[in-house]
Amino acid sequence: MRPLALVALALVGCDDRAALREGETPDGPTDCRPLGERYALCTRLRSFDAAAAACEAWGGTLAILDEPGEADALAALADDSVRGWHWIGLSDAEEEGRFAWVDGQPLTLPAWYGDEPNDRWGSEDCVFMYSHTGTWNDYGCDRPLAALCERPPADVQIDQ
Ligand SMILES: [Ca+2]
Ligand SMILES: [Ca+2]
């Protein structure tokens, strides 16, 4: 019977780890801190997919900049201490050249920097924002960057 008991204990242990991973709190990963009312900056360097998971653990998504002026407004929130290259929730991983937000919306308000997106080396499918300007660049999805997350403000009631 002992081997079975050990298996049961191991399964319980796995469930606990799945519920709350190391470095996370009930409010999300410990490196994610609020940036204004709707956003968070997660400073640990992660791949695009890992950053998306961190934003989900925080209760949101990677930032979806789908409102007029939103990229500029988010850049304005990012003071000097926050400047950098930060993943946002945009990629063309599903279909090359057709960028879409992580919630499935097509890109309607592009804010590309210079000649971006350039798909450099033919392998840039994920998008980061230069947080001092609010402009964007496509980049390798596996590159480790900080991330900007977004969720509805806590006091906003969503109509059913
Ligand atoms: Ca948004
Ligand atoms: Ca690029």
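1. Strand 3 covers residues 32-35 and strand 4 covers residues 39-46; they pair in the antiparallel sense over 4 bridges. Pairing here requires that DSSP finds at least two bridges between the two strands. Leu 35 stands opposite Tyr 39 of strand 4.

2. **What kind of model this is.** This is a predicted model, in which local features need pLDDT of at least 70, side-chain atom pairs count only at pLDDT 80 or more, and totals for chains, interfaces and linings use all residues. Residues are numbered from 1 along each chain as its sequence is written, while chains are lettered from A and ligands numbered from 1 in the order in which they are written.

3. **Confidence.** The mean pLDDT (the predictor's confidence in each residue, from 0 to 100) of the protein chain is 85, with 77% of its residues at 70 or more. Where pLDDT is low, the predicted coordinates should not be read in detail.

4. **Overall layout.** The protein chain has 3 helices and 10 strands, following the pattern α-β-β-β-β-α-β-α-β-β-β-β-β along the sequence. Helices (H or I, at least four residues) and strands (E, at least two) are DSSP runs, numbered from the N terminus. Among contacts between residues at least 6 apart in sequence, 65% join residues at least 24 apart; a contact has the two C-beta atoms, placed from the backbone, within 7 Å.

5. Buried residues make up 30% of the 160 residues in the protein chain. A residue is buried if 20 or more other C-beta atoms lie within 10 Å of its own, exposed if 12 or fewer, and partly exposed in between, with C-beta atoms placed from the backbone.

6. **Leu 62 up close.** This residue lies in strand 5, residues 61-62, and counts as buried because 28 C-beta neighbours fall inside 10 Å. Leaving aside neighbours within four places in sequence, its contacts include Ala 51, Ala 52 and Cys 55, along with Trp 87, Val 102 and Leu 148. The C-alpha atoms of Leu 62 and His 86, 24 residues apart along the chain, are separated by 9.9 Å.

7. **Two helices.** The buried residues of helix 2 are Phe 48, Ala 51, Ala 52, Ala 54, Cys 55, Ala 57 and Trp 58. Gly 59 follows helix 2 and has a positive phi, near 105 degrees. In helix 3, Ala 71, Leu 74 and Ala 75 are buried. Seen down the axis of helix 3, these fall within an arc of 100 degrees, so they line one face of the helix; the arc is that of the directions from the helix axis to the C-beta atoms. They pack against strand 4, strand 8 and strand 10.

8. **The hairpin of strand 8 and strand 9.** These strands pair in the antiparallel sense over 5 bridges, with Tyr 130 opposite Thr 135 in strand 9. Their hairpin has 4 residues between the strands, and Gly 134 takes a positive phi near 85 degrees.
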